[in-house]
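Please read the points below alongside the sequence and the coordinates.

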Amino acid sequence: MAHATGKYYVPHGSWWPIIGSVGLFALMLGSANALNGSGGTWPALLGLAIVLFMFYGWFAEVVRESVAGYYSAQVDRSFRQGMIWFIFSEVMFFAAFFGALFYARALSVPWLGGEGVGFFTNLLLWEGFEPTWPTDGPAGVGGDFTAIGPWGLPAINTAILLTSGVTLTIAHHALRDNHRGILIGFLAATWLLGLIFVGLQAYEYVELYQDYNLRLDTGIYGSTFFMLTGFHGFHVTLGAIMLIVVWLRCLRGHFTPKQHFAFEATAWYWHFVDVVWLGLYVFVYWF
Amino acid sequence: MSDTATHTADHDDHHDTPKGIMRWLTTTNHKDIGTLYLLFALLMFFVGGSMALIIRLELFQPGLQYVNPEFFNQMTTMHALIMIFGAVMPAFVGLANWMIPLQIGAPDMALPRMNNFSFWILPFAFTLLLSTLFMPGGGPAGGWTLYPPLVQQTGDALPFVILAIHLMGISSIMGAINVIVTIMNMRAPGMTLLKMPLFVWTWLITAYLLIAVMPVLAGAVTMLLTDQFFGTTFFHAAGGGDPVMFQHIFWFFGHPEVYIMILPAFGIVSEIIPTFARKPLFGYDAMVYATASIAFLSFIVWAHHMFTVGMPLAGQLFFMFATMLIAVPTGVKVFNWTATMWRGAMTFETPMLFALAFLFLFTIGGFSGLMLSIVPADYQYHDSYFVVAHFHYVLVPGSVFAIMAGVYYWLPKWTGHMYDETLGKIHFWLSVIGVNVTFFPQHFLGLAGMPRRIPDYATQFTNFNMMSSIGAFIFGLSQLMFVYIIFKTIRGGAKASAEVWESPTGLEWTVPSPAPHHTFDEAPQVK
Ligand code: HEM
Ligand SMILES: [Cu+2]
């Protein structure tokens, strides 16, 4: 690989990682105790606070170094490749939950209904169970519920996310052409759309819990629905926070038309949550 | 240190590096971090090893002597989790940290701060995991595979285990990202992909596997957690889920995971055999392609761990044939290592001895794997000691021997001293005898019908179990020698030259021994 001019910047001695490890430890220890019903939630929250502090401090240091011009093109490439592989790991995390959804729909529910190898399971254990989708299983875990269709709120949310992808691309072009005003305006529109999405999603959840009796514990449908949309919503929230940080940096005049790794990384991340949503929309809401 | 003069202000030397513990907590140096990983792995090797010895102690005779069955099950579960995630994987990451930058001519890993983070998460993760042994209900006892519904009878330990696994996963993913980016972006000019040492190649592919499957494991254990605490029914038939679904998700991670633990071993052996046979590696390109095909195939064979759960016939056939296919690239590798030695001017220093033992004994494990991949035969072997014998052959004289071979091979480069060859050879012979006495009889036990994960057994299994336990204590105790040899070498010994061995290939042998704190600040030119 061609060596960029200048040395590769190797930072020395950093406290942030060990702070992060301590924070993660407190977060996990606190959460585990809380799940076991002892110790309350404050140790976990303290751990979370330390982790957030670590992110803030660590990234602030990186931003300072970047602004000071320590990073060669080669360092920039390391960041880019790192981000791409991080996103790939996230894709695989979602793949596990999509896999669970497909497995349940294509195999385990039909088997419970007596298809193929499940003939005796059905006959002996769950006679009369009709394998339809959505379902809360042969025992009707969670009681009767109504599923939410693809039209209405989910369709609006799809439109919102897709629009945010467009506004983000406009902002990116503006950054490359050095039109700071357009950049800041469209970037603000992007994270606003993201937050509106999260807000509508929260509204949908309340509605589902209250009026549809569709909950996390509504059998396999509730499990897959809420875990998939929940993790997705969490990622949208993260993405929106990243967008806000990038936006604040734009306000401060960071980034040049040529070098703006943080912007691009955030944009990739945003497109990634966008694509996951399309998968959700098609396979969770629609079919 | 020849390169101090070239340091610039934003990249200063260790004169402002904190001393003592602070240095190790905050270090971003790949060599320091490699050392930390290796020492941590060594510690965990002994923690996990003690658990194995408790298991073998109890199994020395039929009947219950020393531990109660619950504790026995905790030992089998914890032993596996610690050896896999605490010993073998971190040892390989430690070797990657030390050697990849040296082998590709890079000044450090690509993302040095994240490198520190990857390591320092681990001690905390294992604190969480080990603490479960002292909890109401004890540690996890349902096996390292964490199958529901059994695992859901775990006491207070369950969320600790799951969250500890999350931490290990975060650490592995960050470590793997660092490895890939380092290899793809930090190679010295002229170091084209097909000139990279095989250790670098195998680690590149291993890192892909890690990033692909660790998140899947995270997903699987997250579903366990929500099933347990938040009422989801992923693995409950009553709600439309299926406990077998957990097994599919788990083994989608689990089978690539076993290759994660063997591919870097292939890499190490591919470095060592040419050096001591004094011939270039036979079929370099074929080795690279074989590694890649093994990695690819490892994604489509997972259900060979589940032949007995009741799968449709088409599934069984597919997974059987796909599994058998893996034997082909694996065979290519074994052939190439052998061909490398053909008419070589061989000498048998300790690294070479371990590499040779790897070659023979890993192959035995590969063959038993092939037997297990035959569905009707697996009906008989599954969950028996035959499986235990199989995976210990691939993991102990496989992965662990390769790690030891690598340590002996590179220790002079790290410390600047030669290890004590006589002691190394004694360590080798004790280990190789111990391993075979431990695990070979387990094949017979399995074929005769002794189930795995059981604290007591029918009396006809006694003789082989006694042999196995004696072997285990020979192997376990002889590892104390390993520790002694390592620390003795760190503290002194004959001075090692830069090349250490007789004309080995690789950039790591062009820097002095011990390798200075910073190497390749100026990228070397590779012809
Ligand atoms: C030629 C290559 C291989 C083949 C065909 C093969 C095949 C198999 C099969 C069919 C099983 C399931 C047996 C059963 O549970 O009934 C198995 C188990 C196992 N294999 Fe292999 N294997 C191979 C190589 C390896 C390697 C290289 C490793 C690790 C370094 C490994 C580690 C394991 C482990 C840990 C288990 C047991 C997992 C458990 O149930 O706890 N195998 N293997
Ligand atoms: Cu397997």
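1. The side chains of Lys7(A) and Glu522(B) meet in a salt bridge with an N to O distance of 3.8 Å, a salt bridge being a side-chain nitrogen of Lys or Arg within 4 Å of a carboxyl oxygen of Asp or Glu. This pair crosses between chains, running from Lys7(A) in the segment before helix 1 (16–35) of chain A to Glu522(B) in the segment after helix 15 (462–491) of chain B. Helices and strands are here DSSP runs numbered from the N terminus, helices being H or I with at least four residues and strands being E with at least two. Lys7(A) is partly exposed at a relative accessible area of 24%, whereas Glu522(B), at 52%, counts as exposed; the cut-offs are under 20% relative accessible area for buried, over 50% for exposed and the range in between for partly exposed, with a 1.4 Å probe and protein chains only.

2. On the basis of the work, this is a predicted model, in which local features need pLDDT of at least 70 and side-chain atom pairs count only at pLDDT 80 or more, while totals for chains, interfaces and linings use all residues. Residues are numbered from 1 along each chain as its sequence is written, chains are lettered from A and ligands numbered from 1 in the order in which they are written, and side-chain values use heavy atoms, with hydrogens and water left out.

3. Over all chains the structure holds 11 salt bridges, and among them is the one between Glu65(A) and Arg113(B), whose closest N and O atoms are 2.8 Å apart. Because Glu65(A) lies in helix 2 of chain A and Arg113(B) in helix 4 (residues 112–131) of chain B, this pair joins two chains. Both Glu65(A) and Arg113(B) are buried.

4. Within chain B, the side chains of Arg278(B) and Glu502(B) meet in a salt bridge at 3.0 Å, N to O. Arg278(B) sits in the loop between helix 8 (263–277) and helix 9 (284–297) and Glu502(B) in the segment after helix 15, so the pair ties together parts of chain B that are 224 residues apart in sequence. Arg278(B) is partly exposed, its relative accessible area being 28%. Elsewhere, salt bridges that share partners join Glu61(A), Glu65(A) and Arg113(B) into one network.

5. Chain A has eight helices and zero strands, and its C-alpha trace spans about 75 × 45 × 40 Å along its principal axes. Of the 287 residues in chain A, 48% are buried. Leu193(A) lies in helix 6 (residues 180–212) of chain A and is buried, with a relative accessible area of 18%; its C-alpha atom is separated by 9.6 Å from that of Gly165(A), 28 residues apart along the chain.

6. Helix 3 (residues 73–112) of chain A has 40 residues and reaches 57 Å from its first C-alpha to its last, close to the 58 Å expected at 1.5 Å a residue, where the expected span is 1.5 Å times one less than the number of residues. Gly114(A), which follows helix 3 of chain A, has a positive phi near 100 degrees.

7. What makes up the nonpolar surface patch of about 490 Å²? Leu45(A), Leu48(A), Leu52(A), Phe55(A) and Phe59(A) form the patch, patches being made of residues with over 30% relative accessible area and no salt bridge, in which like charges are joined within 9 Å and nonpolar side chains (Val, Leu, Ile, Met, Phe, Trp, Tyr) within 5 Å. Leu48(A) lies in helix 2 (residues 42–67) of chain A and is partly exposed, at 36% relative accessible area.

8. In chain B, helix 7 (residues 243–260) bends by about 30 degrees at Trp251(B), and 15 of the 18 residues of helix 7 are buried. At the start of helix 7 of chain B, a side-chain oxygen of Asp242(B) reaches to within 2.8 Å of the backbone nitrogen of Val244(B).

9. Ser368(B) is placed in helix 11 (residues 350–372) of chain B and counts as buried at 3% relative accessibility. The side chain of Ser368(B) makes a polar contact of 3.2 Å with the side chain of His390(B); such a contact is a pair of N or O atoms within 3.5 Å, where within protein one must be able to donate a hydrogen and the other to accept it, and residues adjacent in sequence count only if both atoms are side-chain atoms.

How values were computed
Accessible areas come from the Shrake-Rupley method with a 1.4 Å probe; for residues, only the protein chains shown count as cover. The bend at a residue is the angle between axes fitted to the seven residues ending there and the seven starting there.
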